[in-house]
Amino acid sequence: MAGRTVRLVLLVGAAALTSGSQGDREPVYRDCVLRCEERNCSGVALKHFRSRQPIYMSLAGWTCQDDCKYECMWVTVGLYLQEGHKVPQFHGKWPFFRFLCFQEPASAVASFLNGLASLVMLCRYRTSVPASSPMYPTCVAFAWLSGR
């Protein structure tokens with residue numbers, strides 16, 4: 001029982017320490033996101049946002065809230081630079097400019113190539129290892145799950 005209590009206290013303590021990145025905690029950023037979402041992400045304004053959003057952005061899953069966070073991130077970065085401070089992280093990542101629907105295009109290309117390499121290796125595995133091998137289903141399932 002005492003072990004459970006200690007684990008629970010450690011878990012709650014760890015959760016308290018993970019309060020987000022410096023940019024996320026910035027009041028300017030939080031206020032900007034709140035105002036932007038109130039102004040743009042409900043009712044007629046949301047319909048207007050969706051009508052002017054490029055199709056590739058909606059297909060990639062960018063929402064109005066995501067757009068507000070992106071725009072407010074750059075407002076906050078501008079203020080940091082204007083005051084001579086270092087650029088903070090937001091949501092655990094450094095700010096990157098969006099190219100089409102990718103905020104980190106190099107990372108997206110690398111992830112795509114990694115997935116492609118995994119698929120090629122899975123196909124090679126399935127053609128060279130007999131399905132009756134004891135670990136065959138486990139390896140195929142692992143490859144399938146790790147590629148997601």
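Colleague: Tyr-29: buried or exposed?

Modeller: This is a predicted model, in which local features need pLDDT of at least 70, side-chain atom pairs count only at pLDDT 80 or more, and totals for chains, interfaces and linings use all residues. Residues are numbered from 1 along each chain as its sequence is written, and side-chain values use heavy atoms, without hydrogens or water. Buried means under 20% relative accessible area, exposed over 50%, and partly exposed in between (1.4 Å probe, protein chains only). Tyr-29 has a relative accessible area of 4%, so the residue is buried.

Colleague: In which helix does Tyr-29 lie?

Modeller: Helices are DSSP runs of H or I with at least four residues, numbered from the N terminus. Tyr-29 falls in the run of residues 27–40, which is helix 3.

Colleague: Which residues is Tyr-29 in contact with, leaving aside its neighbours within four places in sequence?

Modeller: Contact means heavy atoms within 4.5 Å. Beyond those neighbours, the partners of Tyr-29 are Gly-23, Asp-24, Lys-69, Cys-72, Met-73, Thr-76, Phe-90 and His-91.

Colleague: How far apart in space are Tyr-29 and Lys-69, C-alpha to C-alpha?

Modeller: In sequence, 40 residues separate Tyr-29 and Lys-69. From C-alpha to C-alpha, the two are apart by 8.1 Å.

Colleague: At what angle do the axes of helix 3 and helix 6 cross?

Modeller: Residues of helix 3, including Tyr-29, Cys-32 and Cys-36, meet residues of helix 6, among them Lys-69, Cys-72 and Thr-76. Axes are lines fitted to C-alpha atoms, for helices over the stretch in contact, with angles from 0 to 180 degrees between N-to-C directions. The axes of helix 3 and helix 6 come within 9 Å, and they cross at roughly 145 degrees.

Colleague: Why does the pair of Tyr-29 and Phe-90 count as tilted?

Modeller: Rings of Phe, Tyr and Trp (its six-membered ring) pair if their centres lie within 6.5 Å; planes under 30 degrees apart are stacked, over 60 edge-to-face and the rest tilted. A search of the whole structure finds three aromatic pairs. The ring centres of Tyr-29 and Phe-90 are 5.1 Å apart, and the pair is tilted because the planes are at 55 degrees.

Colleague: Where does Phe-90 lie?

Modeller: Phe-90 is buried, because its relative accessibility is 3%. The pair with Tyr-29 links distant parts of the chain, 61 residues apart. Tyr-29 is in helix 3, while Phe-90 is in the loop between helix 6 and helix 7 (105–128).

Colleague: What is the geometry of the Tyr-70 and Trp-74 pair?

Modeller: Both residues lie in helix 6, four residues apart, about one turn of the helix. Tyr-70 is buried at 9% relative accessibility, whereas Trp-74 is partly exposed at 22%. The ring centres of Tyr-70 and Trp-74 are 6.4 Å apart and the planes are at 75 degrees, so the pair is edge-to-face.

Colleague: How far is the backbone oxygen of Cys-72 from a polar atom of the side chain of Thr-76?

Modeller: Thr-76 is in helix 6 (residues 64–82). Thr-76 counts as buried, because its relative accessibility is 1%. From a polar atom of its side chain to the backbone oxygen of Cys-72, the distance is 2.9 Å.

Conventions: Helix = DSSP H or I, 4+ residues; strand = E, 2+ residues; numbered from the N terminus. Polar contact = N/O pair within 3.5 Å; in protein donor to acceptor, adjacent residues only side chain to side chain.
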